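Please take the model below and ask what stands behind each one.

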Amino acid sequence: MASFFSSLFKKETSVLGVDIGSSAIKVVQIKKKRGRAVLETYGELALGPYGGVEVGRAISVPADKLIEAIKDLLREAKTTTVSCGTALPLSSSLITFITVPPVPEKQMRDVITLEARKYIPVPLSEVFLDYSVIPKEETYVGEDESSQTEKKGEDVLVVAIHNEYLSEYQSVMAGSGLQPTFYEIEIFSSIRAVVDSGVSTVMIVDMGARSTKLYIVERGILRASHIINKGSQDITLALSKAMSISVTEAETLKRTKGLKGGPEYKELSEIITVNLDYIFYESNSALLNYQKRYSKNVSTVILTGGGVLLKGFTDIAKISFQTDVVYADPFGKLETPAFLVEEFAQAGPEFAVAIGAALRRLSELE
Ligand SMILES: Nc1ncnc2c1ncn2[C@@H]1O[C@H](COP(=O)(O)OP(=O)(O)OP(=O)(O)O)[C@@H](O)[C@H]1O
Ligand SMILES: [Mg+2]
């Protein structure tokens, strides 16, 4: 009897979320318990050493090395399942917003495919195409324009991923022994992990190693995305060059002192600031353009990615954006041990993508 009950109540299947970034891979294992997503384990591994470059740098490692890295990470994090959801980099995809005439559901895919052809620069047979129709109440119209939109049709978000990318990831996952049930662009993982659906308009800033990605999200739905081709590794490389120190030393200085090194580290602060200024300028333009175009106010900037962990980052982010700026707290969506609360607050921005992918995988079990 006891065993019957324990198996009845013990529907605690564990799942993984996997994020393969340009400089590091992250994994998160969660399970469902009493209706809550519970954190079981998580870990991160720098890819640099697998490709002969320093930790913190972006690197395209060959498939066999990537498989080795993933296996090492799974071992280090002591994961106990292979069932996962995998996030794909934004750079592997093309995202467009199109408007299509109102048609019956059955014809939607054909109409979208026809329209998307104008925006996707490769033959559609070479891409995996996915779309989601943006619910009417979420579409962007001024109050007085709503009748026009009725006529204009449906706003649709279209995502295209090159088949080659997808099959590369599939073979890496298989080689690592992992069993993904889906692949999704990292944007959607991040949104799930860091945005509360009731919140009006927010901008997610994901500062990774290679690039900084901006997503504008309205009530949980993606409305715009933008990539800035500058990331945290550019700060390290600039420091190494200007201060004539090794990349490893520069990386350590960046991480330990950041903008909070005091007068002794004036040069360090100056170089970091110059690089961040460019990123903030670009981000702010994207934000202001959006606000102007749609007459919407972005209420909060949510910071994700390892680059935002730089000491003093939020101070200048707040000045630049002139709006509320917060660190992403994706661990807040999970049940976690209370005594590690500091650690989770610190790791949150880096694990947003992996946690988002894990949450979707978990919801598939319901
Ligand atoms: N404490 C810190 N202070 C400053 N920078 C940091 C800190 N921790 C990590 N970084 C930087 O964050 C970057 C890695 O961030 P992240 O793991 O989000 O990138 P990624 O996902 O691999 O890259 P991408 O998203 O561009 O593909 C590295 O360049 C690293 O130097
Ligand atoms: Mg990333």
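The questions below concern a predicted model.

Q: What makes strand 4 and strand 8 a pair?
A: Two strands pair if DSSP finds at least two bridges between them. Strand 4 and strand 8 (residues 179-185) have six bridges, in the parallel sense. They therefore count as a pair. Cys84 stands opposite Pro180 in strand 8.

Q: How do you know that strand 1 pairs with strand 4?
A: Four bridges join strand 1 (residues 14-20) to strand 4, and the two run parallel. The cut-off is at least two bridges, so the pairing holds. Gly17 is found opposite Gly85 in strand 4.

Q: Why is strand 4 called mostly covered?
A: A residue is buried if 20 or more other C-beta atoms lie within 10 Å of its own. In strand 4 (residues 83-88), five of the six residues are buried. The strand is therefore called mostly covered.

Q: Which strands form the open sheet, and in what order?
A: Three strands form it, in the order 5-7-6, with antiparallel pairing. The twist from one strand to the next averages 25°.

Q: What makes strand 5 and strand 6 edge strands?
A: Strand 5 (93-100) and strand 6 (127-133) each pair on one side only.

Q: How do you know that strand 6 and strand 7 pair?
A: Seven bridges link strand 6 to strand 7 (residues 154-162), in the antiparallel sense. At least two are needed, so they pair. Val133 faces Val156 of strand 7 across this pairing.

Q: Which helices lie on these strands, and at what angles?
A: Helix 3 (residues 105-116) lies across strand 5, strand 6 and strand 7, running at about 115° to strand 5. Helix 5 (residues 163-175) packs on the sheet and touches strand 6 and strand 7. The direction of helix 5 makes about 60° with that of strand 7.

Q: Which residues of helix 8 are buried?
A: In helix 8 (residues 247-256) they are Ala250, Glu251, Leu253 and Lys254.

Q: How do you know that they line one face of the helix?
A: Look down the axis of helix 8: the buried residues fall within an arc of 165°, so they line one face. An α-helix has 3.6 residues a turn, so residues three or four places apart point the same way.

Q: What do the buried residues of helix 8 pack against?
A: They pack against helix 7 (232-242) and helix 9 (266-294).

Conventions: Residues numbered from 1 in each chain as written. Chains lettered and ligands numbered in written order. Predicted model: local features only at pLDDT ≥ 70, side-chain atom pairs only at ≥ 80, totals over all residues. Axes fitted to C-alpha atoms, helices over the stretch in contact; angles between N-to-C directions. Contact = placed C-beta atoms within 7 Å. Buried ≥ 20, exposed ≤ 12 C-beta atoms within 10 Å, placed from the backbone. Arc of directions from axis to C-beta.
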